[in-house]
Amino acid sequence: METKENGSVDTKSSVENGQLSDPAHWAVADVVNYFKATGFEEQANAFQDQEIDGKSLLLMTRNDVLTGLSIKLGPALKIYEYHVKPLQTQHLKSTVS
């Protein structure tokens, strides 16, 4: 599985002018579409089942992703390290500037 390092996705709802929109404004469907577009089709359903929207995604801890979503450990680690954590960092930088 190939992870896009720049975080770009092909979903219209979470992309504005070629860049990711602020995840804090994402609906549950946007979160699901983001993870489907980044190669985590099966795991995206866990976000749907738990009704994780953008605000909830930004509040998730590593432990939440590893244990709270009932996702296998390998994909859960990748989701947190390569997607959730960078989205949280991006959001913090955009709110500070």
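Q: Which residues form one aromatic cluster?
A: This is a predicted model, in which local features need pLDDT of at least 70 and side-chain atom pairs count only at pLDDT 80 or more, while totals for chains, interfaces and linings use all residues. Residues are numbered from 1 along each chain as its sequence is written, and side-chain values use heavy atoms, with hydrogens and water left out. Rings of Phe, Tyr and Trp (its six-membered ring) pair if their centres lie within 6.5 Å; planes under 30 degrees apart are stacked, over 60 edge-to-face, and the rest tilted. The residues in the one aromatic cluster are W26, Y34, F35 and F47.

Q: How do the rings of Y34 and F35 pair, and what is the angle between their planes?
A: The count of aromatic pairs comes to 3. In one of them, the ring centres of Y34 and F35 lie 5.0 Å apart. Both residues are buried, where buried means under 20% relative accessible area, exposed over 50% and partly exposed in between (1.4 Å probe, protein chains only). The pair is edge-to-face because the planes stand at 85°.

Q: Is the ring pair of F35 and F47 stacked or edge-to-face?
A: The centres of the F35 and F47 rings are 4.4 Å apart. The pair links distant parts of the chain, as F35 is in helix α1 (residues 28–37) and F47 in helix α2 (residues 41–49), 12 residues apart. Helices (H or I, at least four residues) and strands (E, at least two) are DSSP runs numbered from the N terminus. The planes of F35 and F47 are at 10°, so the pair is stacked.

Q: Which residues touch the most other members of the largest nonpolar core?
A: A nonpolar core is a set of buried Ala, Val, Leu, Ile, Met, Phe, Trp, Tyr and Cys residues joined through side-chain atoms within 4.5 Å. The largest one has 22 residues, and α1, α2, α4 (62–68) and α5 each supply at least two of its residues. Its largest share, 5 residues, comes from α5. The members that touch the most others are F35, F47 and L57.

Q: Which residues of α2 are buried, and how wide an arc do they fall within?
A: The buried residues of α2 are Q43, A44, A46 and F47. They line one face of the helix, because seen down its axis they fall within a limited arc, taken from the directions from the helix axis to the C-beta atoms. The face turned away from this buried side carries the exposed residues E42 and D49.

Q: Which residues does I79 touch, not counting residues up to four places away in sequence?
A: I79 is in helix α5, and it counts as buried because its relative accessibility is 0%. I79 and F40 are 39 residues apart in sequence and 8.2 Å apart in space, C-alpha to C-alpha. With contact taken as heavy atoms within 4.5 Å, I79 touches F35, F40, Q43, F47, V65, I71 and V84.

Q: Which side chains meet in a salt bridge?
A: The structure holds 1 salt bridge, defined as a side-chain nitrogen of Lys or Arg within 4 Å of a carboxyl oxygen of Asp or Glu. E81 is partly exposed at 32% relative accessibility, and K85 is partly exposed at 36%. At 3.1 Å, N to O, the side chains that meet are those of E81 and K85.
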